[in-house]
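Trainee: I would like to learn how to read a model of a protein chain, one feature at a time. Please give the general idea before each case.

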Amino acid sequence: MKIYLDMFSSPKLLSVFLFLLSQLNCISQTTVNPQILAVNDTTFVNLKDFSQDFVYDMKYATDDNFLKSKVYDCAECYLRYKTVKALILANQRFMKKGFKIKLFDCYRPLDIQKKMWAIVPNPQYVANPSKGSIHNRGGAVDITLVDFDGKELDMGTSFDFFGKEAGHDYPDFSKEILNNRKLLRKIMGKEHFNSFDSEWWHYNLKAGLNDNVSNFKWECK
Ligand SMILES: [Zn+2]
């Protein structure tokens, strides 16, 4: 079965269609096989419409973040469709090893980037909205790994820890921590995500680097 969904120009219409499809029992697995869908690669989609195998801890939809401020109205993980496909494949690899991806941040509309910059106008901590970041292009995720009970693997520092200890080449951690980071980087690399030297949690889809910065916004229910 091959279904062409290019006509679903808006993510909302696409969500409604996928919901109806799931009600018809056409989708029997928890994860939609990306190969049966032909959505445009650059369309913004909601990750949860394509897989229920991710764990969410969307830090910027709460005030539990370094900004101490809730900058999203609701916690949703939107990404360009090609990023979603690659992320699902990476998650399937992790699941074979007994882990799942837990998400801290996904696509970030440019207006949200501006909001963050207004709170912390320091390029060491927040990308300057005049340039934008890969998060604004729908090609970046901030993630860690959890086991099937939801327990986070020890990565040495918390998410958004700003210090040299958050860097991939920081050597003074236990073998276990270094192996956990290595596992994350190795599998993400297999699905064509680049790591970011100074933040163990950040990954960019290589094929997303040249997409436009966007200000697409999702609706909060
Ligand atoms: Zn990031």
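Predicted model: local features only at pLDDT ≥ 70, side-chain atom pairs only at ≥ 80, totals over all residues.

Trainee: How many helices and strands are in the protein chain?

Mentor: Helices (H or I, at least four residues) and strands (E, at least two) are DSSP runs, numbered from the N terminus. The protein chain has 5 helices and 9 strands. Along the sequence the pattern reads β-α-β-β-β-β-α-β-α-α-β-α-β-β.

Trainee: What is the order of the strands in the open sheet?

Mentor: Strands of a sheet pair through backbone hydrogen bonds, either parallel or antiparallel. Here two strands pair if DSSP finds at least two bridges between them. The open sheet has 5 strands in the order 4-6-7-9-8, with mixed pairing. Strand 4 (55-56) and strand 8 are at the edges with a single partner strand each, so one side of each has no neighbour in the sheet. Strand 4 runs parallel to strand 6, joined by 2 bridges, and V55 is opposite K102 in strand 6.

Trainee: Which strands does helix 5 lie across?

Mentor: Axes are lines fitted to C-alpha atoms, for helices over the stretch in contact, and angles run from 0 to 180 degrees between N-to-C directions. Helix 5 lies across strand 7, strand 8 and strand 9, at about 145° to strand 8. Helix 2 lies across strand 6, strand 7, strand 8 and strand 9, at about 140° to strand 6.

Trainee: Which residues of helix 5 are buried?

Mentor: A residue is buried if 20 or more other C-beta atoms lie within 10 Å of its own, exposed if 12 or fewer, and partly exposed in between, with C-beta atoms placed from the backbone. In helix 5 the buried residues are N180, R181, L184, I187 and M188. They cover an arc of only 140° around the axis (taken from the directions from the helix axis to the C-beta atoms), which puts them on the same side of helix 5. The face turned away from that buried side carries the exposed residues K175, K182, K186 and K190.

Trainee: Which residues touch the most other members of the largest nonpolar core?

Mentor: A nonpolar core is a set of buried Ala, Val, Leu, Ile, Met, Phe, Trp, Tyr and Cys residues joined through C-beta atoms within 7 Å. The largest one has 37 residues, of which V45, L79, V84, L103 and C106 touch the most other members. Helix 2 gives the largest share of this core, 6 residues.

Trainee: What is C106 in contact with?

Mentor: Two residues are in contact if their C-beta atoms, placed from the backbone, lie within 7 Å. Apart from its neighbours within four places in sequence, C106 is in contact with L47, C77, Y78, L79 and V141.

Trainee: Where does G156 lie?

Mentor: G156 is in the loop between strand 7 and helix 5. G156 counts as partly exposed because it has 18 C-beta neighbours inside 10 Å. Apart from its neighbours within four places in sequence, G156 is in contact with E165, F173 and I177. G156 and A166 are 10 residues apart along the chain, with their C-alpha atoms separated by 7.5 Å.

Conventions. Residues numbered from 1 in each chain as written.
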